[in-house]
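Take a look at the model below. Keep the sequence at hand while reading.

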Amino acid sequence: MAAYPSSTAVGSTAEPYRATKLWNAAIEAFCQGMPTGTRRFLLRQYDSAFTASEAVDWLHQYLRSSDDFGPSVTRHQTVQLLQKFLTAGIFTEVRGKGSSFQDNKNIYRFTCPEPCPTVCSQAPLSVRDTNTLSLESCPGEKTSKPLKAKPPVPPVDPQLELQAWNQGTLKRLTELLGEDWVCRMIDNYCVNGSHMKHNVTRRSRSGIVEPTAEQDDVPHWVLSAMKCLANWRTGDEQSGEWQSCYSGFELDVLKVISEYFQGLEQPLLHPVSASLINRLMDDEHVHVQMATTTEALQLCCLLSHPNDYRKLQLLARFMMSVANNPSLTLHPSLPARTLMLKIFTWCIVRGNSHQQNQYAYDFGAMQMASYLLDHHKDILVSPPDLQHRVQRLLLRSRPEQRVTFCQQISSEEFENQKLSLSQHALGELLQSILNDTRMPNKVRQRKLKQFKEIYPDIYAEHVATESKENLARAQTTAKQTFPKIKKPLLKLSGLRF
């Protein structure tokens, strides 16, 4: 077994990475001193090239004559070093087929006439900062920047994340509308943090919320009908492409859309949002700025289920597209906007009228639907700072994690640790040799003799400890067996005359 290095080699800072320096010196010498010339292979001529055997001959002679390596370097070791040169891209085979270097007549050529790549030297551990990772400058670079070590980010608990979404939304609503209104309105409903998270983070490029599942989305035939009326052509565009459409086609398409949305079991607008819109419109004492009203409605709409939120977005865009198209006539006397409100108010918000009739709604419900329709581009969007608020809450609720870095120790302390750990490992090795029952006695005796020659102190200490344990064990055994021997002798005392 090899001996450990001395303390002078471990604590020395004159040559912190000797292997790196030897690697760079060997590459530099090989690139500058390896002779090249014209080589031929299969009737082809290659300039500035050399064969594999020539490279082995030259590098082997250089390594044997070098003070850093010496005459003990073998030719096989030289071939292995050239294999590493080939892998590092210092030179390549002229045919571009070889990835394995062998001592043969294959022809190679340096990759470029510029200096070959070398490994950047690094500062020794004694001069490094334990709290920063420094980028040492390589040859050719002019600047170096310190790189702060970033602590690993632990995974977020899903339950804590949902609680943060709830707290962030309710806290912001309290700041905008007051604690009394929030406690009176929102406490009556179940606030689901997963709905708010989905409505904020799962959106398409156009801002439409994605469905939770494909089967829960609006049917494709309803979407096709909505696109048909929303993109209805105007003027001369109708004459060519829409000649095949029969009279009343647009009314039948509108009927398909209205039947689907009027068949929904619950309104698309969350009751909290409807209550807020109602409070802001029929209440005179409420003086809220438009920006505050818009943000409060944004947060209240996030309480809806993602599928309802998506349907509300699609329906609001459809209603505005139809209302703003002057060439689309759906009713002889009612404007398109009024007709849209009469048909789809029941789908958006429930009024005081409990009967589903597209022409019998109370005035308050239509006012709320009209307000949402006018401001849907500002209301049905993601609040600007909600996600950042949630992230800040998660950082506060996350337990502090202390990040520890490598700490520099002195050479004496390193030697003490090395000695204690090595002695413990050697003691375990000696104990395994002694306790291995499958090992033949001759092999055990040979290994024990070899161990005693290399580590006499550890062997003597272990033998002394083993002898003390055997002596203590023998004394304990003698004390336990002595009464058993004494009793028969006591019986013989009565036979004396």
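This is a predicted model: local features need pLDDT of at least 70, side-chain atom pairs count only at pLDDT 80 or more; totals for chains, interfaces and linings use all residues.

Residues are numbered from 1 along each chain as its sequence is written, and side-chain values use heavy atoms, leaving out hydrogens and water.

Start with helices H3 (residues 52–65) and H4 (residues 75–87). Helices here are DSSP runs of H or I with at least four residues, strands are E runs of at least two, and both are numbered from the N terminus. The axes of H3 and H4 lie 9 Å apart, at an angle of about 110°. That makes H3 roughly perpendicular to H4. Axes are lines fitted to C-alpha atoms, for helices over the stretch in contact, with angles from 0 to 180 degrees between N-to-C directions. Angles of 65 to 115 degrees count as roughly perpendicular, under 35 as roughly parallel, over 145 as roughly antiparallel, and the rest as oblique.

Contact means heavy atoms within 4.5 Å. On the H3 side, the contact residues include Val56, Leu59 and Leu63; on the H4 side, they include Val79, Leu82 and Phe85. By class, the H3 contact with H4 has eight nonpolar, three polar and two charged residues. Ala, Val, Leu, Ile, Met, Phe, Trp, Tyr, Cys and Pro count as nonpolar, Asp, Glu, Lys and Arg as charged, and the others, Gly among them, as polar.

Now compare H18 (residues 411–435) and H19 (residues 441–454), which pack at about 160° with axes 10 Å apart. H18 and H19 are therefore roughly antiparallel. Leu426, Leu430 and Ile433 are among the H18 residues that meet H19, where Leu448 and Phe451 are among the partners.

Next, the cores. A nonpolar core is a set of buried Ala, Val, Leu, Ile, Met, Phe, Trp, Tyr and Cys residues joined through side-chain atoms within 4.5 Å. Buried means under 20% relative accessible area, exposed over 50%, partly exposed in between (1.4 Å probe, protein chains only). The largest core has 71 residues, and Phe261, Phe318 and Phe344 touch the most other members. Helix H13 (residues 306–323) gives the most to this core, with nine residues. A second, separate core of 21 residues includes Ile27, Phe50, Leu59 and Leu63.

Finally, Ser48 lies in strand E2 (residues 44–51). Ser48 has a positive phi of about 50° although it is not a glycine. At 45% relative accessibility, Ser48 counts as partly exposed.
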